[in-house]
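Cut-offs are given where each term comes in.

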Amino acid sequence: MDDPLLVIVDAANVVGSVPDGWWRDRRGAAERLRDRLARDGVPGRDEPVELVLVVEGAAREVEPVPGVRVEAAPRSGDDRIVELVAEEARDRPCLVVTADRELRRRVGELGAEVTGPRAVRGES
């Protein structure tokens, strides 16, 4: 059986894409995103996925839950995402969720598909 689609979510970028007060509780905002991912997956994707949420800074203490692996970036979340794409997406499809232009360029050069935060925010 083929490996499921690897979906890597840039937590800081997705959380920061909505001005809902996330800056007052970065960890809580990342946990809410994690929980929504665990519950809803990636809307519009019917195939099996492996979800990885990359956290950094104040959100580094977010714990994994069933269905969502959490990767705490020791430094830059963007650099950790590029490392994950390079390490884990060699022989499988990969989707990176971010609006960061430079990160989109970097992971695109490694063959990853890219989509924006709306893909996982549960919006129409």
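## Salt-bridge network

In this predicted model, a network of salt bridges links E50, R69, E71, R80, E83, E87, E88 and R92. A salt bridge here is a side-chain nitrogen of Lys or Arg within 4 Å of a carboxyl oxygen of Asp or Glu. The whole structure holds 15 of them. Side chains of opposite charge can pair when their charged atoms come close.

Which residue does R69 meet at 2.8 Å, N to O? The partner is E50. R69 sits in strand β3 (residues 68–72) and E50 in strand β2 (residues 49–55), so the pair links distant parts of the chain, 19 residues apart. Helices (H or I, at least four residues) and strands (E, at least two) are DSSP runs, numbered from the N terminus. R69 also pairs with E71, with the closest N and O atoms 3.2 Å apart. E71 in turn pairs with R80, at 3.0 Å between the closest N and O atoms.

R69 is partly exposed, at 26% relative accessible area. E50 is partly exposed too, at 23%. E71 is buried, at 16%, and R80 is also buried. Buried means under 20% relative accessible area, exposed over 50%, and partly exposed in between (1.4 Å probe, protein chains only).

## T98 and helix α4

T98 lies in the loop between β4 (94–97) and α4. Is T98 buried or exposed? T98 is buried, with a relative accessible area of 0%. Its side chain makes a polar contact with the side chain of D10, at 2.9 Å. A polar contact is a pair of N or O atoms within 3.5 Å; within protein, one must be able to donate a hydrogen and the other to accept it, and residues adjacent in sequence count only if both atoms are side-chain atoms. Not counting residues up to four places away in sequence, T98 touches D10, N13, L103, R104, V114, T115, G116 and P117. Contact means heavy atoms within 4.5 Å.

Helix α4 covers residues 101–109. At its start, a side-chain oxygen of D100 comes to within 3.1 Å of the backbone nitrogen of E102. G111 follows α4 and has a positive phi, near 95°.

## Nonpolar cores

The largest nonpolar core has 22 residues. V7, V9, L33, L37, L53, V55 and V120 have the most contacts inside it. Two or more residues each come from β1 (5–10), α1 (11–15), α2 (26–40), β2, β3 and β4. The largest share, four residues, is from α2. Another core, of 15 residues, lies apart from it and includes I8, V52, V85 and C94. A nonpolar core is a set of buried Ala, Val, Leu, Ile, Met, Phe, Trp, Tyr and Cys residues joined through side-chain atoms within 4.5 Å.

## Overall fold

The chain has four helices and five strands. Their order along the sequence is β-α-α-β-β-α-β-α-β. Of the 124 residues, 40% count as buried. Among contacts between residues at least 6 apart in sequence, 59% join residues at least 24 apart. The C-alpha trace spans about 40 × 30 × 25 Å along its principal axes.

## Basis

Residues are numbered from 1 along each chain as its sequence is written. Local features need pLDDT of at least 70, side-chain atom pairs count only at pLDDT 80 or more, and totals for chains, interfaces and linings use all residues; side-chain values use heavy atoms, with hydrogens and water left out.
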